[in-house]
Amino acid sequence: VKLTDDQEDADHLLQASARGDRAAFARLYRLAAPKLFGVLVRIVRREDWAEEILQEVFVSAWQHAAEYSASRGRAMPWLIQIARNRALDRWRHARHEVADPDADLEAIADDAPPAETRLAQERDARRLHDCLARLGARQRECLQRAYFEGLSHSQLAERLEVPVGSVKTWIRRGMLVLKECLES
Amino acid sequence: MKRDSPETVDLLAGEYVMGTLQGHARQRFEAWLRADPLLRRRVAAWEARLAHLTDGVAPRQPPARVWERIERELRTPTLDHGPAPKVSLWESTRFWRSFAMAASLVVAVLGGLLVVEGTRSRDWGSEIVLHVQEEPEALQAQQVVSRDALADALSRVHLKLTGDLGEATFLGHCVVGDRMGLHFVVSTPAGRATVIVLPGLEIPKRKAGSTGGYSVAVLPLEEGVVGVVTESPAALPVVEHMVRRSITTL
């Protein structure tokens, strides 16, 4: 996978943060926060929750930056995974507070540019689109819902009204296609 | 679990990151993960790959107040010591100095009624369970925590270990709500249980209930509260009894 400049910058900034460099940490926030905030809103579907979780993610990143330097891969995937895990925990813990999740998602989606335009403008998004295009529509949906909604095999099977075995196969195939495509 | 098949191992690592590896299989994988650096690299690689699923998510500029809150939080005495040191927190005099200063400040500045009124109304049971959910690695940890280390940690929050609490498998500090406290996990005959001590709080009486898949009891101390969290409702009274019998106020 070819690294973007942003990813390399994030690595250096997080390493500097691990040494207690507050200025580097502020730059890391400016670099990474918009991406993480977008992901958080996509998962929890509420901007107020996304703000709280973003705050938690960066406080945690500051506290655990040394652990990152010692044992982890790239900074952005590390931060995205922290954000995703916290967002899914919050979503599972309090999803009953959202009366109509689908309506919220639609409202949020309306604020963003049309999907087609975004994909055409963003290189990374285009590559992802190309990779996912190798999957069938149901397989693609299965993979994305597992990632963004944190659903188990059985939950996915119930919601997609397919056998659990199909879900397992789709997830595994989807991950293999993603791996092969991104590394080609 | 076919450990001799690299393809299978790699897919398991992917499913672990995705979150679809669950239950006992996930627990076995995590135990393996702690012991295998190569497996940790596979997991990191999958974190990077699956992060690409967010490539289609448009960035959104968060409001300026988020960074302001982060800066404010980093300036507080409890967090101002910077990134976590690599030495054990329990060996760090800096941590305890910060802890003591923070606790003293809370008691001295806010004092009596203000603290009591500000904290009584909060649902500390839910706050404690939320913390347990946010730190799942604590329940999975296999630290060797000596009785002396646990007794020493408790003494620093003005508590005395007087009985047998079972084997402690995790010991750390925590921030629950806006409170700093002590977090440890004990292995009991009724299963693993989390105990969280929050000094400086006052609640009028014991509260117990279930939330987020956990059972929790919050017990008043002379100068603080103890939260006991179990996965099984049946285990809660057992562990609570052990805690009441084994911990006393200094």
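Which hand does the link of A:Cys131 and A:Cys181 have, left-handed or right-handed? In this predicted model, the link of A:Cys131 and A:Cys181 is left-handed, with -80° about the S-S bond.

The structure is a predicted model in which local features need pLDDT of at least 70 and side-chain atom pairs count only at pLDDT 80 or more, whereas totals for chains, interfaces and linings use all residues. Residues are numbered from 1 along each chain as its sequence is written, chains are lettered from A and ligands numbered from 1 in the order in which they are written, and side-chain values use heavy atoms, with hydrogens and water left out.

## The disulfide

A search of the whole structure finds one disulfide over all chains, the term being used for a pair of cysteine sulfur atoms within 2.5 Å. That disulfide joins A:Cys131 to A:Cys181, with an S to S distance of 2.0 Å. A:Cys131 lies in helix α7 of chain A and A:Cys181 in helix α10 of chain A, so the pair ties together parts that are 50 residues apart in sequence; helices here are DSSP runs (H or I, at least four residues), as strands are (E, at least two), and both are numbered from the N terminus. Another cysteine, A:Cys142, has 0% relative accessibility and counts as buried.

## The interface of chain A and chain B

The size of an interface is often given as the accessible area lost when the parts come together. Chain A and chain B bury about 5300 Å² between them, 63% of it on carbon and sulfur atoms, where buried area is the accessible area (1.4 Å probe) that two parts lose on being put together, summed over both. The contact, which means heavy atoms within 4.5 Å, takes 61 residues from chain A and 47 residues from chain B.

Across this interface the rule finds 13 residue pairs in polar contact, with both residues at pLDDT 80 or more; a polar contact is a pair of N or O atoms within 3.5 Å, where within protein one must be able to donate a hydrogen and the other to accept it, and residues adjacent in sequence count only if both atoms are side-chain atoms. Among the helices that each supply at least two residues of the side of chain A that touches chain B are α1 (5-18), α2 (22-44) and α10 (164-183) of chain A. The helix that gives the most to this side is α2(A), with 12 residues. The residues of the side of chain A that touches chain B divide into 33 nonpolar, 10 polar and 18 charged; Ala, Val, Leu, Ile, Met, Phe, Trp, Tyr, Cys and Pro count as nonpolar, Asp, Glu, Lys and Arg as charged, and the others, Gly among them, as polar.

On the side of chain B, B:Thr54 has its place in the loop between α3 (37-51) and α4 (64-75) of chain B, and at 0% relative accessibility B:Thr54 counts as buried. Leaving aside its neighbours within four places in sequence, B:Thr54 is in contact with A:Lys35, A:Val39, A:Ile80, A:Tyr147 and A:Phe148, while its side chain reaches the backbone oxygen of B:Ala51 at 2.6 Å.

## Salt bridges

A search of the whole structure finds 18 salt bridges over all chains, each being a side-chain nitrogen of Lys or Arg within 4 Å of a carboxyl oxygen of Asp or Glu. Across the interface of chain A and chain B the rule finds six salt bridges. Some of the pairs are given here.

| B:Asp10 | A:Lys179 | 2.6 Å |

In the salt bridge of B:Asp10 and A:Lys179, the pair crosses between chains, from helix α1 (residues 6-18) of chain B to helix α10 of chain A. B:Asp10 counts as buried at 7% relative accessibility, whereas A:Lys179 is partly exposed at 23%.

B:Glu240 counts as buried at 6% relative accessibility, and B:Arg206 counts as partly exposed at 39%.

Note on methods
Buried means under 20% relative accessible area, exposed over 50%, partly exposed in between (1.4 Å probe, protein chains only).
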